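Keep the viewer open as you read along.

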Amino acid sequence: MRLIKDVESLYIDFDAFFANVEKQLHPDIRDKPVGVTALDSEYSAFITRCYMAKAVGIKRGMRVRDARALCPDLIVRVARPDLYVDIHNKILDEIDRFVPVRKVSSIDEMECDLIGAERRDCVDLAKRIRAGLAQNIGPYVTPSIGLAANGFLAKVAAEMNKPNGLTVLDPKDMPGPILHLKLTDLPGISGNMEKRLNAAGVWSIEEFWNVSSKQARAIWGNIEGERLWAQLRGYEVVRPETQKRMFGHSRVLTQGWRTPDKALECLNLLTVKAAYRLRRAGYICRRLSVSFKLGDGSRFSGEADFLPCSDDRTLLKHMHIVFERGLETLGPKADLKSVYIMLHNISRPHTLSGDLFSETKESTEVRRWDRIMETMDGLNKKHGQAVLHVGSRANLPGGFAGGKIAFGRVPSKEDFF
Ligand SMILES: [Mg+2]
């Protein structure tokens, strides 16, 4: 394992994200305490509240009715997940202008690796990112930024001076600046894990710092303990995971398939193929793009952002919307030469804080479709063909839509369903 000597990681954690997005969009509530709930009900609980609301004692998880009793001029907003996802994607694009986002941890947290001069000029870089966000996303959607040896410590740093913080944990000063924190301030140490640490005689960060890696492993009962201990000490811990960036299919249309209706049928099939590959690889996506080329050489390309999902129905719905937008742009008699669908902004299901939306109608619907997809995929796999599918299904000339051997990808058996 490599002990990191420079600041190699930059972590961004947005402050009271949903509440501050609401303030950004509604100037009339900017100077008021704001809380955001999942449902429009006096019994619903707050999933986020702004710092002003926090200052008057409004807690996360508190019910609207109790909060109003405590603070009569509290502004209560119902979460708008689709809107937050849209802003999340814009934030990623903005940060990417300065440094590539390596990992999206949740809707309001992301991590970047620093290389070369970025490490030396990390504070300046963080300030430029902050200024870019203020200008292009809005000054009310504030980030807290942490800089440290690795992503773990950078996340800890980002939490240390909220809101609107910028905290550097310089490797050569460690562990001094974090010794005053609680064990549960470290990501990965829950209340239960704290009890186990206490039982092993570890009551503070300093005591945890001083155990051996073997002891850390023994306390956890698995390698996670050793990993966490090593990350705390500023080692580079590489987890075995390579992030795939996108799933997509394209198709050149033959004569008789170049009308909008036929092209859409083809896109339907390509979309469900891509969605199936996405699910089989265990991913969800938050954006899709549809492109097509016309006989006269002109092109259309459009995108849609949505809540993280992987089911056919939701993806088909968004694909249709983008496709229709394309036809409106290019005219109904469009002679389509080729079509292309791509699913991107890929992540593992558990890495996005979907739990924040667990009560919304939309996420219930997505979960319901997840179960339907599971049943459908299982049946199709068992029968070796698509015995069940969503919507109509065209038989394309030339056969299998998903079996094309793209550069860098060898199709597997199920691609030919
Ligand atoms: Mg946050």
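This is a predicted model: local features need pLDDT of at least 70, side-chain atom pairs count only at pLDDT 80 or more; totals for chains, interfaces and linings use all residues.

Within helix α11, the buried residues are Gly225, Glu226, Arg227, Leu228, Trp229, Gln231 and Leu232. That leaves the helix, which runs over residues 223–232, mostly covered, with seven of its 10 residues buried. Where do these side of α11 residues pack? The buried residues of α11 pack against α7 (151–160), α9 (205–210) and α10 (213–220). From its first C-alpha to its last, α12 reaches 30 Å over 21 residues, close to the 30 Å expected at 1.5 Å a residue.

Is Ala275 buried or exposed? Ala275 counts as buried because it has 27 C-beta neighbours inside 10 Å, where 20 or more are needed. Leaving aside residues up to four places away in sequence, Ala275 touches Ser310, Asp312, Leu315 and Leu343. One of these contacts can be followed in the viewer: Ser310 sits 35 residues from Ala275 in sequence, yet their C-alpha atoms are 6.0 Å apart.

Now for the chain as a whole. Its secondary structure comes to 14 helices and 12 strands, and 36% of its 417 residues count as buried. Of the contacts between residues at least 6 apart in sequence, 64% join residues at least 24 apart.

Technical notes. Residues are numbered from 1 along each chain as its sequence is written. A residue is buried if 20 or more other C-beta atoms lie within 10 Å of its own, exposed if 12 or fewer, and partly exposed in between; C-beta atoms are placed from the backbone. Two residues are in contact if their C-beta atoms, placed from the backbone, lie within 7 Å. Helices (H or I, at least four residues) and strands (E, at least two) are DSSP runs, numbered from the N terminus. The expected span of a helix is 1.5 Å times one less than its number of residues.
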